Amino acid sequence: MHTLGGMGVISGDHPLAVGGLGHAGNAYVESILKEADICFRIGVNWWPDDYTPKHIPVIELDTIPANVGLGSQVDYGIVGNATEILPQISSRLTQKNREGWRERIKKAHVAWHTQVYKEASGQGQPVPPAKIASAMSKSLEDNAVVCLDTGDHTIWFGRDFVPKEQRIILSGKWRTMGFGLPAALACKIAKPSRQVVALVGDGGVGMLLADFTTAVKYNMPIVIIIVNNGGLIEEKNRMLTGNLIPTGS
């Protein structure tokens, strides 16, 4: 299971991929995690405490010591590069035939893709946000860089974008509005040969739209997708319902 920033590390089509955790992910993932023997978090710099069951041990691997246990308690911390440490760990694991567990994972994988198909099949005007995320899954280049602004569209992207090898850039744990467009400019400078896409809401893009003139001045071919729902919908949802669960608007 991936975090929002970890999308694309493992392809969403991999048979063991089950989507994200929380309301910006797959509803079946939480039940899978509750049945696990261990929660192994890799490179997660923020993790809400209530997302991890209290009855299983938590191991966290990160390159930065200060990130270990940041935001929620861990039982064991490992500091180092995942590409070096994970092969050492996997080589010591005992192989077991657990067909029942693999079947549960398979069902969760299918449930995630079924959810994406169902939510992306909605019709009407304005365009359902899930349809936008699904269309991005089908049309973006495999190694594209996607810069996410903060808003209701971020939640729908997390739920319904099925990654291949795309790199997802977001503003960390604070989820700053106005991040997407300038981040896309920086990514295009850093990786000029890769497709760079900014997914922004009408609220976030209005904060730093002037940066678009920078893209024009320096002839930076980035793609900007603006989701216009006529308001700050996350705040509206919280005021009306007390939570941030997307409403489809």
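Strand β2 (residues 58-62) is mostly covered, since five of its five residues are buried, where buried means under 20% relative accessible area, exposed over 50% and partly exposed in between, with a 1.4 Å probe and protein chains only. Strands here are DSSP runs of E with at least two residues, helices are runs of H or I with at least four residues, and both are numbered from the N terminus. The model is a predicted one, in which local features need pLDDT of at least 70 and side-chain atom pairs count only at pLDDT 80 or more, whereas totals for chains, interfaces and linings use all residues. Residues are numbered from 1 along each chain as its sequence is written, and side-chain values use heavy atoms, with hydrogens and water left out.

Strand β2 has two pairing partners among the lines of contact described here: β1 and β2 pair in the parallel sense over four bridges, and β2 and strand β3 (residues 76-79) likewise pair in the parallel sense over four bridges. Two strands are taken to pair if DSSP finds at least two bridges between them.

Arg41 is found in strand β1 (residues 39-42), and it counts as buried because its relative accessibility is 2%. The side chain of Arg41 makes a polar contact with the side chain of Ser72 at 3.2 Å; a polar contact is a pair of N or O atoms within 3.5 Å, of which, within protein, one must be able to donate a hydrogen and the other to accept it, and residues adjacent in sequence count only if both atoms are side-chain atoms. Leaving aside neighbours within four places in sequence, Arg41 is in contact with Trp47, Thr52, Val58, Ile59, Glu60, Leu61, Ser72, Gln73 and Val74, contact meaning heavy atoms within 4.5 Å.

Elsewhere in the model, four strands form an open sheet in the order β5-β4-β6-β7, with parallel pairing. The edge strands of this sheet are β5 (167-169) and β7 (223-227), each of which pairs on one side only. Neighbouring strands of the sheet are turned by 20 degrees against each other on average, direction ignored. Four bridges join β4 to β6, which run parallel, and the bridge partner of Val145 in β6 is Val196. Strand β6 (residues 196-201) is in turn joined to β7 by five bridges, again in parallel, and the bridge partner of Ala198 in β7 is Ile224.

Helices lie against this sheet. Helix α4 (residues 129-139) lies across β4 (145-148), β6 and β7, running at about 160 degrees to β7. Helix α6 (residues 180-190) packs on the sheet and touches β4, β5, β6 and β7, and its direction makes about 175 degrees with that of β6. For these angles, axes are lines fitted to C-alpha atoms, for helices over the stretch in contact, and angles run from 0 to 180 degrees between N-to-C directions. Strand β6 is largely enclosed by the rest of the structure, because six of its six residues are buried. Val196, Ala198 and Val200 point one way from β6, whereas Val197, Leu199 and Gly201 point the other way, and all are buried.

Helix α5 (residues 152-160) is also largely enclosed by the rest of the structure, because nine of its nine residues are buried. His153 lies in helix α5 and is buried, with a relative accessible area of 7%. Not counting residues up to four places away in sequence, His153 touches Leu199, Val200, Gly201 and Val227.

A pair of aromatic rings is described by the distance of the centres and the angle of the planes. Rings of Phe, Tyr and Trp (its six-membered ring) pair if their centres lie within 6.5 Å, and planes under 30 degrees apart count as stacked, over 60 as edge-to-face and the rest as tilted. By this rule the count comes to one aromatic pair. This pair is formed by Phe157 and Phe161 and is stacked, at 4.5 Å centre to centre and with 15 degrees between the planes. Both Phe157 and Phe161 are buried.

The structure holds zero disulfides, a disulfide being a pair of cysteine sulfur atoms within 2.5 Å. Cys147 is in no disulfide, and the nearest cysteine sulfur, that of Cys187, is 3.7 Å away. Cys187 is likewise in no disulfide, its nearest cysteine sulfur being that of Cys147. Cys147 is buried, with a relative accessible area of 0%, and Cys187 is buried, with a relative accessible area of 15%.
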